[in-house]
Amino acid sequence: AKTSNSEADIQRIATDQGRLLGKLIAIHTEARAKFYQMLTPEQRVKDDQLHQQLREKMRSEGSGTDERQ
C-alpha cells in the first residue's frame, strides 16, 4: 500500500480522527447516562464508588509513569 505523508493528508486524517473520537465519547456518555438511570439508588452508590476507585487507580498509575520519566 502506498503511504502518503503529505501535510494535507496528515491534517485530513487528524481531523477525521478527532471527529470520530468526539462521536465515540458522545455515544459512550449517552450510553453511560442511560445505564445509570436504570440503577437503583443502592446500585448507583456502588457504581459511583467503583468509578471513583478506577479514577484513583488511573491517577496513581499515571503519576507512577510520570515519576519514572
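Select Arg-32 to begin: this residue is found in helix H1. Helices here are DSSP runs of H or I with at least four residues, strands are E runs of at least two, and both are numbered from the N terminus. The model is predicted, so local features need pLDDT of at least 70 and side-chain atom pairs count only at pLDDT 80 or more, while totals for chains, interfaces and linings use all residues. Residues are numbered from 1 along each chain as its sequence is written, and side-chain values use heavy atoms, with hydrogens and water left out.

**Stop 1: around Arg-32**

With Arg-32 still selected, colour by accessibility. Its relative accessible area is 24%, so Arg-32 counts as partly exposed. The classes are buried (under 20% relative accessible area), exposed (over 50%) and partly exposed in between, with a 1.4 Å probe and protein chains only.

Now show what surrounds the residue. Leaving aside neighbours within four places in sequence, Arg-32 is in contact with Asp-47 and His-51. Contact means heavy atoms within 4.5 Å.

**Stop 2: Asp-47**

Move on to Asp-47. Which residue forms a salt bridge with Asp-47? The partner is Arg-32, and the closest N and O atoms of the pair are 2.3 Å apart. Asp-47 lies in helix H2 (residues 41-68) and Arg-32 in helix H1, so this pair ties together parts that are 15 residues apart in sequence. A salt bridge is a side-chain nitrogen of Lys or Arg within 4 Å of a carboxyl oxygen of Asp or Glu.

Is Asp-47 buried or exposed? Asp-47 is buried, because its relative accessible area is 10%. Not counting residues up to four places away in sequence, Asp-47 touches Arg-32, Phe-35, Tyr-36 and Leu-39.

**Stop 3: the charged run in helix H1**

Select Asp-9, Arg-12, Asp-16 and Arg-19 together; these residues are linked in a network of salt bridges. Centre the view on Asp-16. Its side chain meets that of Arg-12 in a salt bridge, 3.9 Å from N to O. Both residues lie in helix H1 (residues 7-38), four residues apart, about one turn of the helix. Asp-16 also meets Arg-19 in a salt bridge, at 3.7 Å from N to O. That pair is three residues apart in helix H1, again about one turn.

Check the exposure of each. Asp-16 is partly exposed, at 28% relative accessible area. Arg-12 is partly exposed at 45%, and Arg-19 is partly exposed at 44%. By the salt-bridge rule, the count comes to four.

**Stop 4: a nonpolar patch**

Select Leu-21, Leu-24 and Ile-25, which make a nonpolar surface patch of about 300 Å². Ile-25 has its place in helix H1. Patches are made of residues with over 30% relative accessible area and no salt bridge; like charges are joined within 9 Å, and nonpolar side chains (Val, Leu, Ile, Met, Phe, Trp, Tyr) within 5 Å.

**Stop 5: the whole chain**

Clear the selection and zoom out. The chain has two helices and zero strands. Of its 69 residues, 4% count as buried. Accessible areas come from the Shrake-Rupley method with a 1.4 Å probe; for residues, only the protein chains shown count as cover.
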